[in-house]
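Take a look at the chain shown here.

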Amino acid sequence: QVQLMESGGGLVQAGGSLNLSCVVSESIGSFYGVGWYRQAPGNPGNQRNQRELVAAFFRAGVITYGGAVRGRFTISRDAAKNTLYLRMNSLKPEDTGVYFCNAESRAADSDLRGDNEWWGRGTQVTVSS
């Protein structure tokens with residue numbers, strides 16, 4: 001079972017910065033995609049469609065950012081540490097939410113784990129105005 005553990009959330013004033021980390025129990029390079037998603041307050045549930053893509057790495061070196069964070073957030077990774085990072089600058093109150101780390105595998109990627117995905121428990125980010 002793949003495990004993901006986020007850390008680094010907290011309370012920050014608008015305009016401030018935060019760094020998030022996610023340690024993955026398996027090689028992050030072995031996944032089709034690894035990234036960050038967030039869930040806004042008042043939107044409970046565990047469904048993927050309730051979560052907004054923040055930033056992710058995909059196969060073939062593709063990096064995708066959500067439109068709301070592009071230019072302010074930066075995703076990075078340390079393969080040796082199996083760790084994913086998210087640097088968040090110029091934070092806004094609308095960035096408030098629970099931030100989840102995600103890893104995704106695809107059978108079409110010749111991955112024995114098949115079509116699957118795993119989530120961390122999430123870390124709370126609160127931006128005050």
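**From one arginine to the whole chain**

Start at Arg 51. This residue sits in the loop that links strand S4 (33-39) to strand S5 (52-58). Keep in mind that the model is predicted.

Arg 51 does have a polar partner: its side chain makes a polar contact with the side chain of Gln 39, at 2.8 Å. Beyond its neighbours within four places in sequence, Arg 51 also contacts other residues, among them Tyr 37, Gly 45, Phe 100 and Trp 119.

Now turn to the core. In soluble globular proteins, nonpolar side chains tend to be buried together. Here the largest nonpolar core has 28 residues. Trp 36, Leu 86 and Met 88 touch the most other members. Several strands each supply at least two residues of this core, including S4, S5, strand S8 (83-88) and strand S9 (97-105). The largest share, four residues, comes from S3. Look at Met 88 itself: leaving out residues up to four places away in sequence, Met 88 touches Leu 18, Leu 20, Phe 73, Tyr 99 and Val 125, among others.

Finally, step back. The chain has 11 strands and zero helices. Buried residues make up 41% of its 129 residues. The C-alpha trace spans about 45 × 30 × 25 Å along its principal axes. The radius of gyration is 14 Å, which agrees with the value near 14 Å for a compact globule of 129 residues.

How values were computed: Residues are numbered from 1 along each chain as its sequence is written. This is a predicted model: local features need pLDDT of at least 70, side-chain atom pairs count only at pLDDT 80 or more; totals for chains, interfaces and linings use all residues. Side-chain values use heavy atoms; hydrogens and water are left out. A polar contact is a pair of N or O atoms within 3.5 Å; within protein, one must be able to donate a hydrogen and the other to accept it, and residues adjacent in sequence count only if both atoms are side-chain atoms. Contact means heavy atoms within 4.5 Å. A nonpolar core is a set of buried Ala, Val, Leu, Ile, Met, Phe, Trp, Tyr and Cys residues joined through side-chain atoms within 4.5 Å. Buried means under 20% relative accessible area, exposed over 50%, partly exposed in between (1.4 Å probe, protein chains only). The radius of gyration is taken over C-alpha atoms; the globule rule is 2.2 Å times the number of residues to the power 0.38.
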